[in-house]
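Dear colleague,

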Amino acid sequence: MTLTQPSTALDAETIARIGELSDEPDWLCNLRQRWWERATQTPPPTGQEEEWRRTSLDALPRDASLLTDAPLLETHLPADAAEAGVILTDLRTAVREHPELVAKHLGVSDGPASHGHFWALAHAAWTGGLFCHVPRGVSVDGTLVARHVIPRSDVAYHPVSLVIAEEGSSVTLLEEIVSPDGGSAGWFGGISDVRAGRDARVRYATLQQLGDAAWRIGAERVVVGPDATVTTLNAEIGSAVTKLGLDVVMDGKGGTSKVLGLLAAGDDQQIDINTVQDLAADHTTSDLLYLSALYDRAHASFYGITNVRHGTRQTSSYQECRNLLLSPQAGAEPIPVLEIEANDILRCGHGATAGAIDPTTLFYAQTRGLSADEAERMIVRGFFEQVVAQISDETIRSRIIDALAVRIGTDSSDEVAA
Amino acid sequence: MALPNPALNEIPGGYKYGWHDEEKPLQIFQKGLNAEIVAKISAVKDEPKWMTDLRLKAYRHFEARPMPTWGGDLSEIDFQDIYYYVTGTDKAVQSWDDVPEYIRRTYDKLGIPEAEKKYLAGVGGQYDSEVVYHNIREDLEKQGVIFLGTDQALKEHPELFREHFGTVIPANDNKLAALNTAVWSGGSFIYVPKGVHVELPLQAYFRINTQNMGQFERTLIIADEGSSVHYVEGCTAPTYSTASLHSAVVEIIVKKGARVRYTTIQNWSSNVYNLVTKRAVAHEDAVMEWVDGNLGSKLTMKYPSIYLLGERAHGEVLSIAFAGDGQHQDAGGKIIHAAPNTTSLITSKSISKGTGRTSYRGLVKVYPGCEKSKSTVRCDALILDDDARSDTYPYMEIDEDDVTIGHEATVSKVGSEQLFYLMSRGLSEAEASAMIVNGFIEPIVKELPMEYAVEMNRLIQLQMEGAVG
């Protein structure tokens, strides 16, 4: 069901109705109103901002009807994890069943500055989302999976995903987002708020397979606590336009983050990602690796900032963005920025490349009996292996490889082998 | 920049060009800028109408455009508090003895005439707004090489001048280029005929002497097919309490198979805003190289660029920046690949010390159809102190697949082990740091002519004195 007539842009009345329709508690209705005010006070990007120069929002389907009933959220929570108190459910259910816990964590932090408007909008207008909570000291074996299935292409949907790993806990979570191809353009404005407490271990992968008319204007904020280790992976496969803002905040001493990205884009897809690695505490480490394979007329932009804060000691960071251009019409704009305000750094650097497959490599593969297409597929898979090999979780790795194959293609020999 | 002069080496530490001559201008226009001042500059230079019109058009562009909000802090620049035209002489002379005495003294202190005798193929000197001295070796003149003050070139070679002026950097390119086009005065004009190789460097020396002075020199270099030339410029200014503005425009046309190297050692005093637009176009098989050293100024915003317009053209930018206390060096380079098989290399080395800030800002752009283009960008930064800062903003826009484009950067500090080792060999901490810094910039310094390399190392040493401990 959608909030139909008048299916215009969001307004205060619509925000109020969202709360009423689901009979939400007062604290939540108030929270929505507060964030709605924030959204109106934080204007949407104009295109002049550095992070928004490469994606125009002119064609964003702002009038798409808001999807009000939470779409299907399929979750997989191993039984022993549930027994240990781990919560993995859609956000509405969590509000009903764990109101205090949700109230403690929902809407308490600001998102990436580049996406301030959309962060506020999602907190005001969410009609679904994910709540994942891992209690203190609990280690989850196996992989938690949550899958948002959006039934229609032409709707606006702004889910909020909250992932909270308390002190000393450990969890691996895959979040998938799917919607149908075709139809008129829809707007997926999902945001993720991920927090790893002291000494927690979090592996959080997002697999985006939206339909080919979808606009993904998303944001993700990851806070890494003292001595915590967080690996994030964003696999962006679908959508017509993606503009993702990702902030990784290293404000706990001794924290470590690995920020991974995989993009396989074709047709007229535009994928634009901006990141901030904020090294705000001593002895923190943050390494980023984004890989794009670009087919047809696809265009990938990457604008990443590594900020080493003044007064920090012994930080390590690296930022790497590699683009494989597989068609003369494909384009890439990798922009890895360093803003270094401290001198006691262990390691700091970045690298960016863009180019076609090395013809010698292609030739060599063909001399071994592969066709040009097979050789290209093999080389692209090899290119992605730099990230894929870092995914230790088998469930996530195979889901990601399957999703990439939609763009890269599969070889008949693979099928036989399978 | 300054040439080595043993007497000056006695001066301990600090900025050694910070003295000023008593201001004795022949002509000084009132402070501030309006269309009348622009017209008056053109009138005093007795320029053709097209130039007056171009200046006025550029002034309107300047007025219409907002100040850049990126890069450094420009908020303290007050365009109405600047002298736009100050001159101590009425024409450039070719004999050193004819230069007004007080100006000659300045250049003697800087070591210009000795250098010319020993080493250079030609020298130009600019003092505030006007070129005061210009000389070129006879044999080059006979081969048709033109090396003149830009104002003089407009009078003596009007057609060649008009054909090329403003073609690389149009009047409306950016706010500061528009300002330069409106009020330009002085600079060098170089034309190297087909097939002529100028073996020794041509040099120009820029000095701001008047307080609140804006220097807006305009340089135009045309290297005709198959020719080659190396041009070196240096700049200093007195240390006044109020800021001066240097906003030059440099246009270079490197025709088919020609080769141009342009070397700058910028050593403005630390109260000068140095906002410069430099751009070259390189045609088929041409080679363009910018060697850009920025040590002085309060704020520099300068990104020498190269448009690779012809097949197999090659462009290089070598950039060194050193920012000491209160300085911001926002420098870098831009390469536009607009033809197939073009190649480019940007190498940047920056050092920030005290509260200094260095920013590398660069662009590599590859247009569709420029297949087999290759570009490598390499940036290294050294941060010497806790309050120093270093930024890297490398923009890349790649719209062609059959290319090899790469960028790499590192930021580091002086390693305590390196220091310890050098000190165990008997060096003081300051000497050891200076040695490490010199090693860090060595790949670029070795590209400089010998005398400049020596001077560069000395300047770094001066900047480094008292850096540690």
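Predicted model: local features only at pLDDT ≥ 70, side-chain atom pairs only at ≥ 80, totals over all residues.

Residues are numbered from 1 along each chain as its sequence is written, and chains are lettered from A and ligands numbered from 1 in the order in which they are written.

Gln314(A) has a positive phi of about 60° although it is not a glycine, and its place is in the loop between strand S18 (299-308) and strand S19 (315-325) of chain A. Helices (H or I, at least four residues) and strands (E, at least two) are DSSP runs, numbered from the N terminus. In chain B, Asp285(B) likewise has a positive phi of about 60° without being a glycine; this residue lies in the loop between strand S14 (272-282) and strand S15 (287-294) of chain B, and it counts as partly exposed, with 19 C-beta neighbours inside 10 Å.

Turning to the helices of chain A, helix H6 (residues 116-125) is mostly covered, since nine of its 10 residues are buried, among them Phe118(A), Trp119(A), Leu121(A) and His123(A). The buried residues of H6(A) pack against several elements of chain A, including helix H1 (12-21), helix H2 (26-41) and strand S12 (215-224).

The axes of helix H8 (residues 372-388) and helix H9 (residues 394-408) of chain A come within 12 Å and cross at roughly 145°, where axes are lines fitted to C-alpha atoms, for helices over the stretch in contact, and angles run from 0 to 180 degrees between N-to-C directions. Their contact (C-beta atoms, placed from the backbone, within 7 Å) involves residues that include Val380(A) and Phe384(A) of H8(A) and Ile401(A) and Leu404(A) of H9(A). By class, this contact has seven nonpolar, no polar and three charged residues, with Ala, Val, Leu, Ile, Met, Phe, Trp, Tyr, Cys and Pro counted as nonpolar, Asp, Glu, Lys and Arg as charged, and the others, Gly among them, as polar.

Between the chains, 29 residues of chain A are in contact with 30 residues of chain B. On the side of chain A that touches chain B, the largest share, 10 residues, comes from S20(A), and that side has 17 nonpolar, eight polar and four charged residues. Seven bridges join S21(A) to strand S24 (residues 403-413) of chain B, and these strands run antiparallel, pairing being taken to need at least two DSSP bridges; Gly349(A) stands opposite Thr410(B) in S24(B).

Finally, chain A is divided into domain 1 (7-252) and domain 2 (360-418), with bounds that come from an automatic or database domain assignment. Their centres, taken over C-alpha atoms, are separated by 31 Å, and the contact takes 10 residues from domain 1 and 10 residues from domain 2.

With best wishes

Technical notes
Buried ≥ 20, exposed ≤ 12 C-beta atoms within 10 Å, placed from the backbone. Contact = placed C-beta atoms within 7 Å.
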